[in-house]
Amino acid sequence: MKRALVTGVTGQDGYYLSKLLLSKGYEVYGLVRGQNNPKIEFLHEHLPEVKILTGDLLDVSSLMRALAASKPDEVYNLGAISFVAYSWENAFLTSDVTGKGVLNILEAVRLYAGDKPDSVRFYQASSSEMFGKVQHVPQSESTLLWPRSPYGVAKVFGHYITINYRESYGMHASSGILFNHESPMRGPEFVTRKISLAVAKIAAGQQDRISLGNIEAKRDWGFAGDYVDAMWRMLQQDEADDYVVSTNETHSVREYLEIAFNRVGITDWEKHVYQDPQFFRPAEVDLLIGDASKAQAKLGWKREVDFPSLVTMMVDADVERVANNLV
Ligand code: NAP
Ligand code: F7E
C-alpha cells in the first residue's frame, strides 16, 4: 500500500486528490493547519479515511514531524494562500506561505529522504498565474513567465525552487502548471463559484443581483476532478518533469454568466449583474489559454469535463444546496 502526504487537504484539490488516492488504495495523510481548524469536521464527515496530521507550511519542524509520522512515498504540496485578489493585501503572508512554504517542505523532504533523495516523490502545485502578462499564446512549459500579482510571483519562486531541488539534489520533484480548475467544492471567493451560488439564490428569489469586477477576463477553465488525475500521473513517471495542464480553450467570465443564468431559465441576465470597482484588480491577467500537449502525450492525460458541463455541474450543485438550506 502506497502512502501519500497531502498539504492543503482542506482545499478544493485536496478533496478530489484524496478521493482519487483512496480509490487507488493509498493510505492518505492530510496536513491541516491551526489549533482548531473548522474544516476538520468536513474531513471527518466526507473523507473519514484520511489521517489528519497538524502542521503548517510556515513551520519546518511541523513538516518534519508530519513526514516522520506519514512515511510517505509521495508528497503533494497543494497548500497555499491561493486567492489572487487577497495576495495584494497580504503580499508578505502570500510570499511566505505560497513561495517560501515550498522551500520549507522541499527542505523537510530532502532531510527526511537522507541519502535516497528520490525515494519520496514530490508534486508542486504551480499555476498558470505565473504566465500573467502572457508572452505567447497558447502558454506551454517553455513560455516566459511574467506574473502579475504577489500570488503569481510567489508561485514562480515555488516553481523554480522545485526545479532547483530536482537539479541540485536529484529529487523526484515535479511541477504541474495547472490552469484554472473549478468544481462544486470551489471556494465562494473565486468567480465561478461566486456566480453559481448567486445564480442559484437569484433563481430561488433569495437575492437580486451579483456584483463583479472584470467580466471580459478570459480563463482556461477545467474541472478539478480531471486535474488531480494529472498530478498523480506526474508522480508515476520514472523521471520527474514539469507539465502544463489545461483544456486548450479559453472562455470569458461573461460566457460563464450566460451559461449559468440560462441553466436556471434566466435569459435577461445582464440586469442582475453589476460591476463594482472593488472587484477589479491592480493588474489583471486578461487572457489565459494553455497548451497541454506534453501532458497529453507523456502522461496520457485528457480532460473529461468540458466548459458548458462544468458550469452546469456547478450551478446544479448550488441550486440543490440552496433548496436544502445548506448555503
Ligand atoms: P484552496 O481551495 O484555496 O486550498 C488551499 C489549501 O492550502 C487549504 O487547504 C488551506 O488550508 C491550505 N493552506 C493555506 N495556508 C497554509 C499554511 N500556512 N500551511 C498549510 N496549509 C495551508 O486551493 P485549491 O484550489 O485547492 O488549489 C490547490 C493548490 O493548487 C494551491 O497551491 C493553489 O495555489 C494551486 N493552484 C490552484 C489552481 C486552481 O485553479 N484551483 C490552479 C493552479 C494552481 P485552510 O483550509 O486551513 O485555509
Ligand atoms: O478570477 C475575474 C478576475 O479569482 C478569475 C486561483 O485558483 O486560478 C485562480 O485564480 C477572473 C479574474 O481566479 C470577479 O479579475 C471578475 O480575471 O476566480 P478568480 P484567478 O484569479 O484566475 C489560478 C490558476 C490560481 O492559481 C489561483 O490560485 O475573474 N473576476 N469579477 C472576478 N474574480 C473574482 N474572484 N471575483 C469577482 O467578483
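Reader: Ligand 1 first. How does the shell around it split by class?
Author: Eight nonpolar, 11 polar and six charged residues. Ala, Val, Leu, Ile, Met, Phe, Trp, Tyr, Cys and Pro count as nonpolar, Asp, Glu, Lys and Arg as charged, and the others, Gly among them, as polar. This is a predicted model: local features need pLDDT of at least 70, side-chain atom pairs count only at pLDDT 80 or more, and totals for chains, interfaces and linings use all residues. Residues are numbered from 1 along each chain as its sequence is written, chains are lettered from A and ligands numbered from 1 in the order in which they are written, and side-chain values use heavy atoms, with hydrogens and water left out.

Reader: Which residues are closest to ligand 1?
Author: Thr10, Arg33, Lys39, Ser82 and Tyr151, out of 25 that surround ligand 1. A residue is near if one of its heavy atoms lies within 4 Å.

Reader: Which side chains have an N or O atom by an oxygen of ligand 1?
Author: Asn37, at 2.8 Å, and Lys155, at 2.9 Å. A polar contact here is a pair of N or O atoms within 3.5 Å.

Reader: How much of ligand 1 gets buried?
Author: The protein buries 91% of the 890 Å² that ligand 1 exposes when taken alone. Those areas are Shrake-Rupley values with a 1.4 Å probe.

Reader: Which element gives the largest share of that shell?
Author: Strand 5, with three residues. Helices (H or I, at least four residues) and strands (E, at least two) are DSSP runs, numbered from the N terminus.

Reader: Switching to ligand 2. Which residues are closest?
Author: Ser82, Ser127, Tyr151, Arg281 and Glu284, among 23 that surround ligand 2.

Reader: And its oxygen contacts?
Author: A backbone N or O atom of Ser82 lies 2.6 Å from an oxygen of ligand 2. A polar side-chain atom of Arg281 is also 2.6 Å from an oxygen of ligand 2. For the side chain of Lys194, the distance is 2.7 Å. Alone, ligand 2 exposes 700 Å², and the protein buries 95% of that.

Reader: Now the fold. What order do the sheet strands run in?
Author: 3-2-1-4-5-6-11, in an open sheet of seven strands with parallel pairing. Two strands pair if DSSP finds at least two bridges between them.

Reader: Why is one side of strand 3 left without a neighbour?
Author: Strand 3 (51-54) stands at an edge with a single partner strand, so one side has no neighbour in the sheet. Strand 11 (242-245) stands at an edge too.

How values were computed. Polar contact = N/O pair within 3.5 Å; in protein donor to acceptor, adjacent residues only side chain to side chain.
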